[in-house]
Amino acid sequence: MKFGVSTFITDEGIRPAPLGTALEERGFDSLFIAEHSHIPVSRRTPYPGGGELPDMYYRTLDPFVALSVVAAVTRRLLPATGIALVPQRDPITTAKEVASLDVVSDGRVIFGVGVGWNREEMTNHGTDPATRGRLTDERLLAMRELWTAEKAEFHGEFVDFDPVYAWPKPVQRPHPPIYVGGGEGAFRRVAALGDAWLANSVPPEQLGPQIERLRTTAGRDVPVTVYAVPDDPEQIEGYIRLGVERVLFYLRTVPEPETTAQLDRLAQVASRFR
């Protein structure tokens, strides 16, 4: 099983370059970073984790800027979005950002995607929360067309463009792997558009039955990466028994000295299972 890290990169925590270097030095395989373009001052949507919205949600760096810096100072670490909020993103611009990052990283990108939870945030982008699932599916299909076709064209309910040239094309063929985040409601999207399922902090005893239901929906085995896993050896052993491809330890967003101390501890836990 592979070990990566999931975190929020903000203006108050460790910078992307030293974080990338520290992760690669300690043998982690990937870095998945969260995205929020902004947080509306007036918000009725409850935070899924319960209670007040944590400070780091307000201060995230643009994921593609941050991951480009990470890619520039590493050689093996996989830069990944975890997750990119597709309903809030123009598909032509996003396709170029993903492809550009794949080029500058020599083909290391993982494109983690999701539909989001903050209804006021997506409304500010002109997205109707009620149709964000269909919108996400169309935008992903349009991006696949932009990545793979010399003359890309798409005509749908939400996305519509006549033939266009769109370069660069990604290094990875046919395109960077798409990791679909979300619960069981996302299984159809995983089956139709995903290369893997990005499960959000689901404990092993719940994850096992979910993986079986995902296989039934998809009609195939689907690789699973678990986001925001605690450094609990017993839980990690449970994920290994389930055949999970990767776990992502949750890294708190703090300044560099505290971050490196966290990473030292997490690397020690991971080393027991390598």
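A salt bridge is a side-chain nitrogen of Lys or Arg within 4 Å of a carboxyl oxygen of Asp or Glu. The exercises below concern a predicted model, in which local features need pLDDT of at least 70, side-chain atom pairs count only at pLDDT 80 or more, and totals for chains, interfaces and linings use all residues. Residues are numbered from 1 along each chain as its sequence is written, and side-chain values use heavy atoms, with hydrogens and water left out.

**Exercise 1. Salt bridges between separate elements**

Task: State how many salt bridges the structure holds, and explain why the pair D231 and R265 ties together separate parts of the chain.

Solution. 

Step 1. The count of salt bridges in the structure is 17.

Step 2. One of them is formed by the side chains of D231 and R265, with an N to O distance of 3.0 Å. Because D231 is in the loop between β9 (224-229) and α8 (233-242) while R265 belongs to helix α9 (residues 256-271), the pair ties together parts that are 34 residues apart in sequence. Helices (H or I, at least four residues) and strands (E, at least two) are DSSP runs, numbered from the N terminus.

Step 3. D231 is partly exposed, at 30% relative accessible area, and R265 is partly exposed too, at 40%. In these terms, buried means under 20% relative accessible area, exposed over 50%, and partly exposed in between (1.4 Å probe, protein chains only).

Step 4. Salt bridges that share partners also join K2, D29, E245 and R246 into one network.

**Exercise 2. Two further pairs**

Task: Determine whether each partner in the salt bridges R44 with E120 and R89 with D62 is buried, partly exposed or exposed.

Solution. 

Step 1. The side chains of R44 and E120 meet at 3.6 Å, N to O.

Step 2. R44 is exposed, with a relative accessible area of 69%, whereas E120 is buried, with 11%.

Step 3. The side chains of R89 and D62 form a salt bridge at 3.9 Å, N to O. R89 is in the loop between β3 (78-85) and α3, and D62 in the loop between β2 and α2, so parts that are 27 residues apart in sequence are tied together.

Step 4. R89 is buried, its relative accessible area being 11%, and D62 is partly exposed at 33%.

**Exercise 3. S105 in its loop**

Task: Locate S105 and identify its contacts.

Solution. 

Step 1. S105 is placed in the loop between α3 and β4 (110-114) and is buried, at 1% relative accessible area.

Step 2. A polar atom of the S105 side chain lies 3.3 Å from the backbone oxygen of D102.

Step 3. Beyond residues up to four places away in sequence, S105 touches A71 and P79.

**Exercise 4. A hairpin**

Task: Describe how strands β5 and β6 are paired.

Solution. 

Step 1. Two strands pair if DSSP finds at least two bridges between them. Strand β5 (residues 152-155) and strand β6 (residues 160-164) run antiparallel and are joined by 3 bridges.

Step 2. Within this arrangement, A152 stands opposite V164 in β6.

Step 3. The two strands, β5 and β6, form a hairpin with 4 residues between them.

Notes: Polar contact = N/O pair within 3.5 Å; in protein donor to acceptor, adjacent residues only side chain to side chain. Contact = heavy atoms within 4.5 Å.
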